[in-house]
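Trainee: Hi, could you talk me through this one with me? I'd like to go residue by residue and then look at the ligand.

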Amino acid sequence: MKNGQQQMQEVLTTYFGDGVRSCEPYGNGHINDTYLVTTAEKRYILQRMNTVVFPKPEELMQNILGVTDHIRKKVTEAGLPSDRATLTVVATRDGKDFYRDSTDGYWRVYDFVEGTVARDAVENAEDFYICAKAFGEFQQYMADYPAEQLFETIRDFHNTPKRYENLMNAVARDRCGRVSSVHREILFARARECFCHTLEDAHLCDRIPLRVTHNDTKLNNILFDAQTGAATCVIDLDTVMPGYSVNDFGDSIRFGANTAAEDETDLSRVSLDLTLFEAYARGFLEGCGGRLTETEIEMLPVGAVMMTLECGMRFLTDYLEGDVYFKIHRPTHNLDRARNQFALVVDMERKMSKMKAIVRKLK
Ligand code: ADP
Ligand code: GN1
Ligand code: MG
């Protein structure tokens, strides 16, 4: 049986022979194990794909190759430089797009997108506007992508009623004996059960369409040019699937327009920054280039509350299930995150009419 270090050596040799100078953990993602690999010539991102989260890594990689090819083509057609505009998958030395190691671990390598930075917090409204425009443009690029070619990498990923159901199932199981300590949080979710259906119902009544969306529009899933601050590359393409545009909007607001970090435990610091909300709404609408329908635009604030509530329920579910999904760095990390997201939901509900007024003004 190989230990972790031997396993890593096997992977590095498969990709780089004996050319590796260093290999260090990298970034702040919650899902994959990410490493920065340096060779004499170049830098790379090596990721061990999370097969608990993504049970079919072959399909996942097929999606990524399709999506990155498509974006590269679109950018080239628009006469823009394409070298850093999307992720580039690097093949193993024997030409495979990913590597399955001898213990069934799945690995992939991307070119490191040089001269860029990922940010974990919004520094100013202008940066957030730039991020919004990039995620909006991403939807434009993907508008003519054949959705039937995309595998559903995580079933019911943003199906909020299903997320609610998962939470209630976790409560019933109480696998780790934690339910007694989170009654308030469970009641909080229960009180919003009806709201969870808003977008699914709107879709069923043909009020909002399914589009090819990113589905994980966190600020740190965009790389900014370190010199100019321009958005260079949308990354973390694991969840590109059919979804609702308002959820792509909402997930960015959830993360970036929170006045506190996602895991801040001092809940008095958690609130929705309406200036950032407005900057993002402006950028997103511009980026989408007039493609969103009137109803989608009207429902953008609903997307913000939906993604925040859903994410809070997902963190709470994971806490009850024993922290098996999201990476944690302290024992109550998922609970802290859930409480934080629920506090943000409360502030968003309070500010709903203001969010609506902003969106109406920008329309
Ligand atoms: P996760 O799914 O765990 O969030 P990501 O694919 O988002 O994993 O990668 C985690 C972090 O690694 C990103 O937030 C970013 O900082 C960095 N990163 C990922 N891919 C690249 C790349 N090709 N070039 C530079 N940085 C990258
Ligand atoms: C995860 O992979 P990352 O860290 O960009 C998660 C998102 C959550 C987010 C919460 C595939 O995003 O859905 O909103 O954590 N990604 C997946 O921070 O579940
Ligand atoms: Mg990420």
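**A buried glutamate and beyond**

Mentor: Let's start with Glu-321, which touches Ala-170, Arg-173, Arg-175 and Cys-176, not counting residues up to four places away in sequence; contact here means heavy atoms within 4.5 Å. Keep in mind that this is a predicted model, where local features need pLDDT of at least 70, side-chain atom pairs count only at pLDDT 80 or more, and totals for chains, interfaces and linings use all residues. Residues are numbered from 1 along each chain as its sequence is written, chains are lettered from A and ligands numbered from 1 in the order in which they are written, and side-chain values use heavy atoms, with hydrogens and water left out.

Trainee: Where is the place of Glu-321?

Mentor: Glu-321 is in helix H11, residues 300–321. Helices (H or I, at least four residues) and strands (E, at least two) are DSSP runs, numbered from the N terminus.

Trainee: Does Glu-321 count as buried or exposed, and why?

Mentor: Glu-321 counts as buried because its relative accessibility is 13%. Buried means under 20% relative accessible area, exposed over 50%, and partly exposed in between (1.4 Å probe, protein chains only).

Trainee: OK, switching to Asn-50. What does Asn-50 touch?

Mentor: Leaving out residues up to four places away in sequence, Asn-50 touches Ile-31, Asn-32 and Tyr-325. Asn-50 sits in the loop between S3 and helix H2 (57–77), and a polar atom of its side chain lies 3.0 Å from the backbone nitrogen of Val-52. That is a polar contact: a pair of N or O atoms within 3.5 Å, where within protein one must be able to donate a hydrogen and the other to accept it, and residues adjacent in sequence count only if both atoms are side-chain atoms.

Trainee: Now the ligand. Which residues come nearest to ligand 1?

Mentor: Of the 19 residues around ligand 1, the nearest are Asn-32, Gln-47, Val-113, Asn-220 and Asp-236; near means a heavy atom within 4 Å. A polar side-chain atom of Gln-47 lies 2.9 Å from an oxygen atom of ligand 1, and an N or O atom in the side chain of Asp-236 is 2.9 Å from an oxygen atom of ligand 1.

Trainee: And where does ligand 1 lie relative to the domains?

Mentor: Domain 1 (4–114) and domain 2 (125–362) both give residues to the shell, so ligand 1 lies between them. The domain bounds come from an automatic or database domain assignment.

Trainee: How many residues of each domain are in contact?

Mentor: 30 residues of domain 1 are in contact with 29 residues of domain 2.
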